[in-house]
Amino acid sequence: MLLEKSLAAIFVLLLAATLVNGLLVLLRPGKNWRELTLRIRTWWLIIILFSLALLSPHWLALTFFALVSFVALKEFLTLAPLRQSDRMPLLWMFIAIPINYWLIGIGWYGMFTIFIPVYVFLFLPTRMVIAGDTHSFLRTASQLHWGLMTTVFAFSHVAFLLILPSESQSTGALLVLFLVGLTELNDIAQYLWGKSLGHIKVTPKVSPNKTLAGLLGGVATTAVVATILGPILTPLSSPMALAAGTIIGITGFCGDVVMSAIKRDIGVKDSGTLLPGHGGILDRLDSLLFTAPVFFHFIRYFYY
Amino acid sequence: MPKRILRLMFSLCIVWPVMWLWLGLRIRHREKLPKRGPAIVVANHNSHMDVFALLSLFPLCQQANVHPVAAADYFLRNKQMAWFSLNILNIIPVSRRGGDSNPLALCEQALHEGKTVILFPEGTRGEPGILSPLKSGVWYLSQAVPEVPIIPIWLHGTEQSMAKGSIIPLPLFIDVTIGDALHFNADKKVSMSMLKEHLLALEQQTTGNHSHD
(Lines give C-alpha, C1' and ligand atoms only; values in the text may rest on other atoms or scores of the structure.)
Protein backbone atom coordinates (compact mmCIF):
# COMPACT_ATOMS: atom_id res chain seq x y z
CA MET A 1 0.00 0.00 0.00
CA LEU A 2 2.86 2.32 0.91
CA LEU A 3 4.36 1.90 -2.57
CA GLU A 4 1.09 2.79 -4.31
CA LYS A 5 0.63 5.82 -2.03
CA SER A 6 4.18 7.04 -2.74
CA LEU A 7 3.71 6.66 -6.49
CA ALA A 8 0.41 8.53 -6.24
CA ALA A 9 2.22 11.36 -4.42
CA ILE A 10 4.72 11.58 -7.29
CA PHE A 11 1.91 11.75 -9.83
CA VAL A 12 0.29 14.56 -7.83
CA LEU A 13 3.58 16.50 -7.90
CA LEU A 14 3.89 15.98 -11.64
CA LEU A 15 0.29 17.05 -12.18
CA ALA A 16 1.04 20.23 -10.23
CA ALA A 17 4.10 20.87 -12.40
CA THR A 18 2.00 20.38 -15.52
CA LEU A 19 -0.61 22.85 -14.26
CA VAL A 20 2.00 25.47 -13.32
CA ASN A 21 3.57 25.08 -16.73
CA GLY A 22 0.18 25.49 -18.39
CA LEU A 23 -0.48 28.66 -16.37
CA LEU A 24 2.93 30.08 -17.27
CA VAL A 25 2.27 29.48 -20.97
CA LEU A 26 -1.10 31.22 -20.64
CA LEU A 27 0.00 34.18 -18.48
CA ARG A 28 3.38 34.89 -20.06
CA PRO A 29 3.10 33.87 -23.69
CA GLY A 30 6.06 36.11 -24.62
CA LYS A 31 8.63 33.84 -23.03
CA ASN A 32 9.71 30.56 -24.60
CA TRP A 33 8.33 27.68 -22.52
CA ARG A 34 8.87 24.98 -25.14
CA GLU A 35 11.85 23.42 -23.39
CA LEU A 36 10.03 23.22 -20.06
CA THR A 37 6.89 21.81 -21.68
CA LEU A 38 8.92 19.14 -23.46
CA ARG A 39 10.75 18.34 -20.25
CA ILE A 40 7.56 17.83 -18.27
CA ARG A 41 5.99 15.76 -21.04
CA THR A 42 9.03 13.48 -21.01
CA TRP A 43 8.86 13.28 -17.21
CA TRP A 44 5.34 11.85 -17.58
CA LEU A 45 6.65 9.12 -19.83
CA ILE A 46 9.59 8.33 -17.55
CA ILE A 47 7.47 8.21 -14.41
CA ILE A 48 4.73 6.10 -15.97
CA LEU A 49 7.28 3.55 -17.21
CA PHE A 50 9.16 3.64 -13.91
CA SER A 51 5.97 3.10 -11.88
CA LEU A 52 4.92 0.20 -14.07
CA ALA A 53 8.37 -1.35 -13.59
CA LEU A 54 8.15 -1.03 -9.80
CA LEU A 55 4.65 -2.51 -9.71
CA SER A 56 5.45 -5.43 -12.00
CA PRO A 57 6.90 -8.80 -10.94
CA HIS A 58 10.67 -8.95 -10.41
CA TRP A 59 11.57 -10.62 -13.70
CA LEU A 60 9.72 -7.95 -15.67
CA ALA A 61 11.21 -5.11 -13.60
CA LEU A 62 14.71 -6.55 -14.13
CA THR A 63 14.04 -6.77 -17.89
CA PHE A 64 13.03 -3.12 -17.82
CA PHE A 65 16.22 -2.07 -16.02
CA ALA A 66 18.28 -4.25 -18.40
CA LEU A 67 16.71 -2.42 -21.34
CA VAL A 68 17.58 0.94 -19.79
CA SER A 69 21.19 -0.28 -19.43
CA PHE A 70 21.14 -1.42 -23.06
CA VAL A 71 19.94 1.94 -24.35
CA ALA A 72 22.37 3.85 -22.10
CA LEU A 73 25.36 1.75 -23.18
CA LYS A 74 24.31 2.16 -26.81
CA GLU A 75 24.19 5.92 -26.31
CA PHE A 76 27.59 5.91 -24.61
CA LEU A 77 29.18 3.93 -27.46
CA THR A 78 27.53 6.10 -30.09
CA LEU A 79 29.28 9.09 -28.49
CA ALA A 80 32.68 7.48 -27.94
CA PRO A 81 35.12 7.54 -30.85
CA LEU A 82 35.39 3.89 -31.91
CA ARG A 83 37.97 2.10 -33.97
CA GLN A 84 36.96 -0.27 -36.75
CA SER A 85 38.76 -3.11 -34.91
CA ASP A 86 36.53 -2.75 -31.83
CA ARG A 87 33.52 -4.41 -33.45
CA MET A 88 33.75 -7.82 -31.84
CA PRO A 89 34.75 -6.59 -28.34
CA LEU A 90 31.77 -4.23 -28.57
CA LEU A 91 29.32 -7.01 -29.34
CA TRP A 92 30.67 -8.96 -26.33
CA MET A 93 29.95 -5.98 -24.10
CA PHE A 94 26.27 -6.26 -24.90
CA ILE A 95 26.25 -9.93 -23.91
CA ALA A 96 27.36 -8.82 -20.45
CA ILE A 97 24.02 -7.04 -19.90
CA PRO A 98 21.67 -10.07 -19.77
CA ILE A 99 24.21 -12.04 -17.72
CA ASN A 100 24.60 -9.20 -15.23
CA TYR A 101 20.83 -8.86 -14.74
CA TRP A 102 20.34 -12.62 -14.63
CA LEU A 103 22.85 -12.75 -11.73
CA ILE A 104 20.72 -10.13 -9.97
CA GLY A 105 17.58 -12.11 -10.71
CA ILE A 106 18.90 -15.28 -9.08
CA GLY A 107 20.28 -13.20 -6.20
CA TRP A 108 23.89 -14.37 -6.63
CA TYR A 109 25.38 -11.32 -4.91
CA GLY A 110 29.01 -12.57 -4.78
CA MET A 111 29.14 -13.24 -8.50
CA PHE A 112 27.29 -10.02 -9.36
CA THR A 113 29.86 -7.85 -7.57
CA ILE A 114 32.80 -9.38 -9.46
CA PHE A 115 31.31 -10.38 -12.81
CA ILE A 116 31.88 -7.04 -14.56
CA PRO A 117 34.76 -5.55 -12.54
CA VAL A 118 36.81 -8.76 -12.68
CA TYR A 119 35.81 -11.10 -15.47
CA VAL A 120 34.45 -8.75 -18.13
CA PHE A 121 37.15 -6.14 -17.46
CA LEU A 122 39.86 -8.75 -17.97
CA PHE A 123 38.14 -10.38 -20.92
CA LEU A 124 37.57 -7.21 -22.97
CA PRO A 125 41.23 -6.17 -23.42
CA THR A 126 42.07 -9.81 -24.17
CA ARG A 127 39.47 -9.85 -26.91
CA MET A 128 40.89 -6.55 -28.18
CA VAL A 129 44.36 -8.12 -28.36
CA ILE A 130 43.00 -10.86 -30.58
CA ALA A 131 41.76 -8.16 -32.96
CA GLY A 132 45.36 -6.96 -32.86
CA ASP A 133 45.02 -3.18 -33.21
CA THR A 134 47.37 -1.57 -30.67
CA HIS A 135 46.81 2.01 -31.80
CA SER A 136 45.28 3.91 -28.83
CA PHE A 137 44.70 0.58 -27.12
CA LEU A 138 44.69 1.99 -23.61
CA ARG A 139 42.25 4.76 -24.45
CA THR A 140 39.86 2.33 -26.08
CA ALA A 141 40.10 -0.20 -23.26
CA SER A 142 39.31 2.49 -20.70
CA GLN A 143 36.41 3.74 -22.78
CA LEU A 144 34.86 0.29 -22.98
CA HIS A 145 35.45 -0.32 -19.27
CA TRP A 146 34.01 3.00 -18.20
CA GLY A 147 30.98 2.51 -20.45
CA LEU A 148 30.17 -0.86 -18.88
CA MET A 149 31.04 0.31 -15.38
CA THR A 150 28.58 3.19 -15.45
CA THR A 151 25.69 2.13 -17.68
CA VAL A 152 25.56 -1.54 -16.67
CA PHE A 153 27.37 -2.23 -13.39
CA ALA A 154 26.67 0.98 -11.48
CA PHE A 155 23.13 1.39 -12.80
CA SER A 156 22.16 -2.22 -12.08
CA HIS A 157 22.58 -1.56 -8.35
CA VAL A 158 19.20 0.16 -8.61
CA ALA A 159 17.76 -3.15 -9.78
CA PHE A 160 19.53 -5.09 -7.02
CA LEU A 161 17.74 -2.96 -4.41
CA LEU A 162 14.49 -4.49 -5.68
CA ILE A 163 15.39 -8.01 -4.66
CA LEU A 164 16.91 -7.28 -1.27
CA PRO A 165 15.14 -9.59 1.21
CA SER A 166 12.33 -7.98 3.16
CA GLU A 167 9.41 -8.79 5.41
CA SER A 168 6.78 -6.93 3.43
CA GLN A 169 6.54 -7.39 -0.35
CA SER A 170 7.28 -3.85 -1.45
CA THR A 171 10.33 -2.87 0.60
CA GLY A 172 12.73 -3.36 -2.34
CA ALA A 173 10.62 -1.18 -4.60
CA LEU A 174 10.39 1.48 -1.86
CA LEU A 175 14.19 1.52 -1.57
CA VAL A 176 14.39 2.13 -5.32
CA LEU A 177 11.84 4.90 -5.03
CA PHE A 178 13.74 6.46 -2.11
CA LEU A 179 17.04 6.41 -4.02
CA VAL A 180 15.72 7.61 -7.38
CA GLY A 181 13.40 10.18 -5.82
CA LEU A 182 16.14 11.72 -3.66
CA THR A 183 18.65 11.71 -6.52
CA GLU A 184 16.21 13.68 -8.68
CA LEU A 185 15.28 15.98 -5.81
CA ASN A 186 18.99 16.61 -5.22
CA ASP A 187 19.48 17.59 -8.90
CA ILE A 188 16.59 20.03 -8.74
CA ALA A 189 17.53 21.44 -5.31
CA GLN A 190 21.16 22.02 -6.36
CA TYR A 191 19.95 23.82 -9.48
CA LEU A 192 17.49 26.04 -7.57
CA TRP A 193 19.89 26.90 -4.70
CA GLY A 194 22.68 27.63 -7.17
CA LYS A 195 20.40 29.79 -9.30
CA SER A 196 19.08 31.84 -6.36
CA LEU A 197 22.24 32.56 -4.32
CA GLY A 198 25.25 30.97 -5.96
CA HIS A 199 28.48 32.92 -6.55
CA ILE A 200 31.51 30.72 -5.91
CA LYS A 201 31.96 28.23 -8.74
CA VAL A 202 32.95 24.69 -7.78
CA THR A 203 34.01 23.31 -11.17
CA PRO A 204 34.39 26.37 -13.42
CA LYS A 205 36.09 24.48 -16.24
CA VAL A 206 33.70 21.54 -16.37
CA SER A 207 30.29 22.90 -15.50
CA PRO A 208 30.29 26.67 -14.89
CA ASN A 209 26.73 26.60 -13.55
CA LYS A 210 27.67 24.58 -10.47
CA THR A 211 28.16 26.76 -7.42
CA LEU A 212 29.14 26.10 -3.82
CA ALA A 213 25.80 27.43 -2.57
CA GLY A 214 24.02 25.07 -4.95
CA LEU A 215 26.05 22.12 -3.76
CA LEU A 216 25.65 22.84 -0.03
CA GLY A 217 22.00 23.87 -0.28
CA GLY A 218 21.22 20.82 -2.42
CA VAL A 219 22.93 18.40 -0.05
CA ALA A 220 21.22 19.97 2.96
CA THR A 221 17.79 19.82 1.31
CA THR A 222 18.31 16.20 0.27
CA ALA A 223 19.53 15.26 3.74
CA VAL A 224 16.51 16.87 5.45
CA VAL A 225 13.99 15.21 3.11
CA ALA A 226 15.83 11.88 3.52
CA THR A 227 15.64 12.15 7.31
CA ILE A 228 11.86 12.60 7.06
CA LEU A 229 11.17 9.97 4.40
CA GLY A 230 13.77 7.38 5.41
CA PRO A 231 12.01 5.92 8.47
CA ILE A 232 8.67 5.84 6.60
CA LEU A 233 9.78 4.20 3.35
CA THR A 234 12.89 2.22 4.28
CA PRO A 235 14.42 0.29 7.19
CA LEU A 236 16.70 3.32 7.84
CA SER A 237 16.50 5.01 11.27
CA SER A 238 16.46 8.84 11.33
CA PRO A 239 20.22 9.35 11.91
CA MET A 240 21.10 6.73 9.30
CA ALA A 241 18.63 8.29 6.85
CA LEU A 242 20.37 11.62 7.42
CA ALA A 243 23.69 9.96 6.53
CA ALA A 244 22.13 8.30 3.46
CA GLY A 245 20.70 11.63 2.29
CA THR A 246 24.07 13.35 2.69
CA ILE A 247 25.77 10.55 0.72
CA ILE A 248 23.18 10.77 -2.06
CA GLY A 249 23.58 14.56 -2.21
CA ILE A 250 27.36 14.48 -2.52
CA THR A 251 27.68 11.48 -4.88
CA GLY A 252 24.85 12.84 -7.03
CA PHE A 253 26.85 16.01 -7.54
CA CYS A 254 29.96 13.95 -8.38
CA GLY A 255 28.10 11.88 -10.98
CA ASP A 256 26.68 15.00 -12.56
CA VAL A 257 30.04 16.76 -13.00
CA VAL A 258 31.93 13.62 -14.04
CA MET A 259 29.45 12.91 -16.85
CA SER A 260 29.64 16.60 -17.82
CA ALA A 261 33.42 16.28 -18.09
CA ILE A 262 33.02 13.28 -20.42
CA LYS A 263 30.63 15.20 -22.67
CA ARG A 264 33.01 18.16 -22.69
CA ASP A 265 35.89 15.87 -23.62
CA ILE A 266 33.94 14.46 -26.56
CA GLY A 267 32.71 17.93 -27.50
CA VAL A 268 28.95 17.53 -27.23
CA LYS A 269 26.39 19.37 -25.14
CA ASP A 270 23.97 16.50 -24.65
CA SER A 271 24.62 12.79 -24.79
CA GLY A 272 21.72 12.29 -27.21
CA THR A 273 18.23 13.32 -28.27
CA LEU A 274 16.25 10.37 -26.96
CA LEU A 275 14.40 12.25 -24.20
CA PRO A 276 13.02 15.54 -25.57
CA GLY A 277 13.77 18.36 -23.12
CA HIS A 278 16.35 16.31 -21.24
CA GLY A 279 18.84 15.38 -23.98
CA GLY A 280 19.89 11.75 -23.96
CA ILE A 281 19.26 8.98 -21.46
CA LEU A 282 22.76 9.45 -19.98
CA ASP A 283 21.96 13.10 -19.28
CA ARG A 284 19.07 11.91 -17.12
CA LEU A 285 20.98 9.05 -15.45
CA ASP A 286 24.26 10.88 -14.71
CA SER A 287 23.73 11.45 -10.96
CA LEU A 288 22.06 8.09 -10.44
CA LEU A 289 25.08 6.27 -11.85
CA PHE A 290 27.04 7.46 -8.82
CA THR A 291 24.36 7.46 -6.13
CA ALA A 292 23.11 3.93 -6.87
CA PRO A 293 26.19 1.82 -6.04
CA VAL A 294 27.16 3.94 -3.02
CA PHE A 295 23.65 3.95 -1.54
CA PHE A 296 23.24 0.24 -2.27
CA HIS A 297 26.39 -0.74 -0.40
CA PHE A 298 25.60 1.64 2.45
CA ILE A 299 22.20 0.11 3.06
CA ARG A 300 23.33 -3.45 2.43
CA TYR A 301 26.24 -3.18 4.87
CA PHE A 302 24.18 -1.77 7.73
CA TYR A 303 20.80 -3.44 7.26
CA TYR A 304 21.13 -6.76 5.38
CA MET B 1 -0.73 -10.62 -53.40
CA PRO B 2 1.67 -12.97 -51.55
CA LYS B 3 4.72 -10.86 -52.51
CA ARG B 4 3.21 -7.88 -50.80
CA ILE B 5 2.63 -9.94 -47.68
CA LEU B 6 6.19 -11.31 -47.80
CA ARG B 7 7.49 -7.77 -48.03
CA LEU B 8 5.36 -6.66 -45.09
CA MET B 9 6.57 -9.62 -43.03
CA PHE B 10 10.16 -8.73 -43.89
CA SER B 11 9.68 -5.14 -42.68
CA LEU B 12 7.76 -6.19 -39.60
CA CYS B 13 9.90 -9.13 -38.47
CA ILE B 14 13.42 -8.17 -39.56
CA VAL B 15 13.88 -4.53 -40.56
CA TRP B 16 11.81 -2.92 -37.81
CA PRO B 17 13.16 -4.91 -34.85
CA VAL B 18 16.73 -4.33 -36.05
CA MET B 19 16.17 -0.65 -36.75
CA TRP B 20 14.04 0.35 -33.78
CA LEU B 21 15.11 -2.06 -31.01
CA TRP B 22 18.68 -3.10 -31.81
CA LEU B 23 19.93 0.15 -33.37
CA GLY B 24 17.51 2.99 -32.77
CA LEU B 25 16.82 5.86 -35.16
CA ARG B 26 17.05 9.42 -33.85
CA ILE B 27 15.07 11.49 -36.32
CA ARG B 28 15.30 15.28 -36.59
CA HIS B 29 12.49 17.14 -38.41
CA ARG B 30 10.32 14.15 -39.12
CA GLU B 31 7.56 16.58 -40.10
CA LYS B 32 9.48 17.51 -43.26
CA LEU B 33 9.03 14.02 -44.70
CA PRO B 34 5.98 14.11 -47.02
CA LYS B 35 3.14 11.84 -45.91
CA ARG B 36 2.60 10.52 -49.44
CA GLY B 37 4.35 10.51 -52.79
CA PRO B 38 5.35 11.39 -55.34
CA ALA B 39 8.70 12.40 -53.88
CA ILE B 40 12.39 11.89 -54.59
CA VAL B 41 14.26 11.11 -51.39
CA VAL B 42 17.99 11.82 -51.66
CA ALA B 43 20.55 10.74 -49.05
CA ASN B 44 24.26 10.24 -48.46
CA HIS B 45 25.43 6.64 -48.76
CA ASN B 46 27.99 4.83 -46.60
CA SER B 47 26.50 1.49 -45.64
CA HIS B 48 24.01 -1.21 -46.61
CA MET B 49 22.08 -0.06 -43.53
CA ASP B 50 21.25 3.24 -45.24
CA VAL B 51 18.46 1.87 -47.36
CA PHE B 52 16.86 0.09 -44.39
CA ALA B 53 17.11 3.22 -42.26
CA LEU B 54 15.36 5.24 -44.99
CA LEU B 55 12.69 2.59 -45.55
CA SER B 56 11.93 2.56 -41.80
CA LEU B 57 11.07 6.26 -41.93
CA PHE B 58 7.86 5.40 -43.79
CA PRO B 59 4.83 3.84 -42.11
CA LEU B 60 3.99 0.18 -42.79
CA CYS B 61 1.05 0.99 -45.04
CA GLN B 62 3.35 3.10 -47.25
CA GLN B 63 6.07 0.43 -47.60
CA ALA B 64 4.74 -0.85 -50.92
CA ASN B 65 4.97 2.65 -52.42
CA VAL B 66 8.62 3.33 -51.58
CA HIS B 67 11.26 2.19 -54.03
CA PRO B 68 15.03 2.40 -53.60
CA VAL B 69 16.83 3.02 -56.87
CA ALA B 70 19.70 0.55 -57.15
CA ALA B 71 22.43 -0.48 -59.57
CA ALA B 72 21.28 -3.32 -61.79
CA ASP B 73 24.76 -4.82 -62.16
CA TYR B 74 25.10 -5.23 -58.38
CA PHE B 75 21.60 -6.07 -57.23
CA LEU B 76 20.56 -8.28 -60.14
CA ARG B 77 23.88 -10.16 -60.26
CA ASN B 78 22.32 -13.56 -59.56
CA LYS B 79 18.89 -15.11 -59.41
CA GLN B 80 18.34 -15.15 -55.64
CA MET B 81 19.68 -11.63 -55.17
CA ALA B 82 17.53 -10.35 -58.05
CA TRP B 83 14.39 -11.97 -56.63
CA PHE B 84 15.07 -10.52 -53.17
CA SER B 85 15.96 -7.05 -54.48
CA LEU B 86 12.98 -6.76 -56.81
CA ASN B 87 10.29 -8.34 -54.64
CA ILE B 88 11.30 -7.70 -51.05
CA LEU B 89 13.42 -4.55 -51.23
CA ASN B 90 11.21 -3.20 -54.01
CA ILE B 91 14.17 -1.74 -55.90
CA ILE B 92 13.99 -0.01 -59.24
CA PRO B 93 17.02 -1.30 -61.17
CA VAL B 94 19.11 1.24 -63.03
CA SER B 95 21.90 0.41 -65.44
CA ARG B 96 25.14 2.13 -64.45
CA ARG B 97 26.77 1.54 -67.83
CA GLY B 98 24.27 3.56 -69.79
CA GLY B 99 23.64 2.67 -73.41
CA ASP B 100 19.93 2.04 -72.86
CA SER B 101 17.52 4.58 -74.26
CA ASN B 102 16.63 6.05 -70.84
CA PRO B 103 18.01 4.36 -67.73
CA LEU B 104 15.62 6.32 -65.51
CA ALA B 105 12.40 5.46 -67.37
CA LEU B 106 11.22 3.09 -64.62
CA CYS B 107 11.81 5.77 -61.95
CA GLU B 108 9.83 8.32 -63.94
CA GLN B 109 7.00 5.85 -64.29
CA ALA B 110 6.97 5.15 -60.55
CA LEU B 111 6.88 8.89 -59.77
CA HIS B 112 4.02 9.38 -62.23
CA GLU B 113 2.16 6.68 -60.30
CA GLY B 114 2.59 8.76 -57.12
CA LYS B 115 5.27 6.61 -55.55
CA THR B 116 8.32 7.66 -53.53
CA VAL B 117 11.77 6.97 -54.93
CA ILE B 118 14.94 6.72 -52.81
CA LEU B 119 18.13 7.74 -54.57
CA PHE B 120 21.76 7.88 -53.49
CA PRO B 121 23.28 10.59 -55.69
CA GLU B 122 26.82 9.58 -54.70
CA GLY B 123 26.14 6.47 -56.78
CA THR B 124 27.89 4.08 -54.43
CA ARG B 125 28.89 3.71 -50.80
CA GLY B 126 31.51 6.40 -50.24
CA GLU B 127 33.98 7.22 -47.49
CA PRO B 128 32.15 7.63 -44.18
CA GLY B 129 31.44 11.25 -43.35
CA ILE B 130 32.70 12.55 -46.70
CA LEU B 131 30.25 13.46 -49.41
CA SER B 132 31.51 12.06 -52.71
CA PRO B 133 30.87 14.05 -55.91
CA LEU B 134 27.17 13.87 -56.73
CA LYS B 135 26.04 12.20 -59.94
CA SER B 136 23.55 14.20 -61.94
CA GLY B 137 20.95 11.42 -62.33
CA VAL B 138 18.75 13.27 -59.81
CA TRP B 139 18.64 16.32 -62.04
CA TYR B 140 17.72 14.30 -65.16
CA LEU B 141 15.00 12.51 -63.23
CA SER B 142 13.74 15.78 -61.78
CA GLN B 143 13.68 17.33 -65.25
CA ALA B 144 11.18 14.70 -66.37
CA VAL B 145 8.93 15.32 -63.35
CA PRO B 146 9.64 18.95 -62.32
CA GLU B 147 6.65 19.16 -59.97
CA VAL B 148 7.94 16.39 -57.68
CA PRO B 149 9.79 17.63 -54.55
CA ILE B 150 13.31 16.44 -53.75
CA ILE B 151 13.79 15.67 -50.05
CA PRO B 152 17.42 15.72 -48.88
CA ILE B 153 18.28 13.49 -45.91
CA TRP B 154 21.55 13.09 -43.99
CA LEU B 155 22.34 9.75 -42.37
CA HIS B 156 24.96 9.50 -39.65
CA GLY B 157 26.19 6.42 -37.85
CA THR B 158 25.22 3.75 -40.35
CA GLU B 159 28.83 3.13 -41.31
CA GLN B 160 29.79 2.72 -37.64
CA SER B 161 26.98 0.29 -37.10
CA MET B 162 27.60 -1.70 -40.26
CA ALA B 163 30.77 -1.02 -42.18
CA LYS B 164 31.58 -2.60 -45.53
CA GLY B 165 32.13 -6.32 -45.09
CA SER B 166 30.54 -6.77 -41.66
CA ILE B 167 27.61 -9.10 -41.07
CA ILE B 168 26.19 -8.28 -37.62
CA PRO B 169 25.16 -4.65 -37.14
CA LEU B 170 26.60 -3.06 -33.98
CA PRO B 171 23.93 -1.66 -31.68
CA LEU B 172 24.58 2.06 -32.09
CA PHE B 173 22.18 4.92 -32.64
CA ILE B 174 21.66 6.19 -36.19
CA ASP B 175 20.95 9.90 -36.65
CA VAL B 176 18.63 10.93 -39.46
CA THR B 177 18.14 14.60 -40.34
CA ILE B 178 15.46 15.50 -42.87
CA GLY B 179 15.81 18.75 -44.80
CA ASP B 180 13.50 21.17 -46.60
CA ALA B 181 12.10 20.06 -49.94
CA LEU B 182 13.97 21.27 -53.04
CA HIS B 183 12.41 21.92 -56.41
CA PHE B 184 13.51 21.52 -59.99
CA ASN B 185 15.91 24.13 -61.28
CA ALA B 186 16.53 24.30 -65.03
CA ASP B 187 20.22 25.05 -64.52
CA LYS B 188 21.89 21.70 -63.89
CA LYS B 189 25.02 23.14 -62.26
CA VAL B 190 23.07 25.39 -59.89
CA SER B 191 20.65 22.63 -59.08
CA MET B 192 23.37 20.12 -58.21
CA SER B 193 25.40 22.55 -56.13
CA MET B 194 22.27 23.53 -54.25
CA LEU B 195 21.58 19.90 -53.43
CA LYS B 196 25.16 19.51 -52.25
CA GLU B 197 24.91 22.61 -50.06
CA HIS B 198 21.69 21.34 -48.51
CA LEU B 199 23.21 17.95 -47.77
CA LEU B 200 26.29 19.53 -46.19
CA ALA B 201 24.10 21.84 -44.10
CA LEU B 202 22.18 18.79 -42.87
CA GLU B 203 25.48 17.09 -42.02
CA GLN B 204 26.42 20.13 -39.97
CA GLN B 205 23.08 19.92 -38.15
CA THR B 206 23.55 16.21 -37.46
CA THR B 207 27.16 16.05 -36.35
CA GLY B 208 28.03 19.68 -35.64
CA ASN B 209 29.49 20.26 -32.22
CA HIS B 210 27.33 22.28 -29.90
CA SER B 211 28.64 24.73 -27.39
CA HIS B 212 28.56 23.40 -23.86
CA ASP B 213 26.91 25.39 -21.13
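These are my notebook entries on a few places I looked up in this structure, which is a predicted model.

**Entry 1: a bent helix in chain B**

I began with helix H1 of chain B, which covers residues 2-23. Where does the kink in this helix lie? I found it at B:Trp16, with a bend of about 40°, shortly before the proline B:Pro17.

Next I looked up which residues of H1(B) are buried: B:Arg7, B:Phe10, B:Ser11, B:Val15, B:Met19 and B:Leu23. A reminder to myself: an α-helix has 3.6 residues a turn, so residues three or four places apart point the same way.

I then turned to the aromatic rings. Over all chains, the structure holds 20 aromatic pairs. I picked B:Phe10 and B:Phe84, which pair edge-to-face, with 5.4 Å from centre to centre and 85° between the planes. What does this pair tie together? B:Phe10 belongs to helix H1 of chain B and B:Phe84 to helix H4 of chain B, so the contact joins parts that are 74 residues apart in sequence.

Are the two partners buried or exposed? B:Phe10 has 16% relative accessibility, so it counts as buried, because the limit for buried is under 20%. B:Phe84 has 29% and therefore counts as partly exposed.

**Entry 4**

Other elements of chain B that supply at least two residues include helix H2 (49-55), strand E3 (66-71) and helix H4 (79-88). By class, I read 27 nonpolar, 9 polar and 4 charged residues in the lining.

**Entry 2: two cavities**

How many cavities of 30 Å³ or more are there? The count comes to 2.

The largest cavity has about 80 Å³ of space. Among the residues that line it are B:Val138, B:Trp139, B:Leu182, B:His183, B:Met192 and B:Leu195. Helix H6 (137-144) and helix H8 (188-207) of chain B each bring at least two lining residues, and H8(B) gives the most, with 4. The lining divides into 7 nonpolar and 3 polar residues, with no charged ones.

The second largest cavity has about 50 Å³ of space. Its lining is made up of A:Phe76, A:Leu79, A:Met259, A:Ile262, A:Lys263, A:Ser271, A:Leu282 and A:Asp283. Helix H3 (58-79), helix H9 (238-266) and helix H10 (281-303) of chain A are the elements that give two or more residues to it. H9(A) has the largest share, 3 residues. Here I count 5 nonpolar, 1 polar and 2 charged residues.

Most residues other than glycine have a negative phi, and most peptide bonds are trans. With that in mind I looked for exceptions.

A:Ser136 is not a glycine, yet its phi is positive, about 45°. Where is A:Ser136 found? It sits in the loop between helix H5 (109-131) and helix H6 (137-162) of chain A. A:Ser136 is partly exposed, with a relative accessible area of 32%.

B:His29 is not a glycine either, and has a positive phi of about 60°. I located B:His29 in the loop between strand E1 (25-28) and strand E2 (39-43) of chain B. B:His29 is partly exposed as well, at 31% relative accessible area.

**Entry 3: one last distance**

Finally I checked A:Thr18, in helix H1 (residues 2-27) of chain A. A:Thr18 is partly exposed, with a relative accessible area of 30%. From A:Thr18 to A:Leu36 I noted 18 residues in sequence and 9.6 Å in space, C-alpha to C-alpha.

Terms used
Residues are numbered from 1 along each chain as its sequence is written. Chains are lettered from A and ligands numbered from 1 in the order in which they are written. This is a predicted model: local features need pLDDT of at least 70, side-chain atom pairs count only at pLDDT 80 or more; totals for chains, interfaces and linings use all residues. Side-chain values use heavy atoms; hydrogens and water are left out. The bend at a residue is the angle between axes fitted to the seven residues ending there and the seven starting there. Buried means under 20% relative accessible area, exposed over 50%, partly exposed in between (1.4 Å probe, protein chains only). On a 1 Å grid over the protein atoms alone, a cavity is a set of points where a 1.4 Å probe fits but cannot get out, and a pocket is an open set with protein on both sides within 12 Å along at least five of seven lines; lining residues have an atom within 4 Å of a point. Grid points are joined across faces, edges and corners, and a volume is the space filled by probe spheres set on the points. Ala, Val, Leu, Ile, Met, Phe, Trp, Tyr, Cys and Pro count as nonpolar, Asp, Glu, Lys and Arg as charged, and the others, Gly among them, as polar. Rings of Phe, Tyr and Trp (its six-membered ring) pair if their centres lie within 6.5 Å; planes under 30 degrees apart count as stacked, over 60 as edge-to-face and the rest as tilted.
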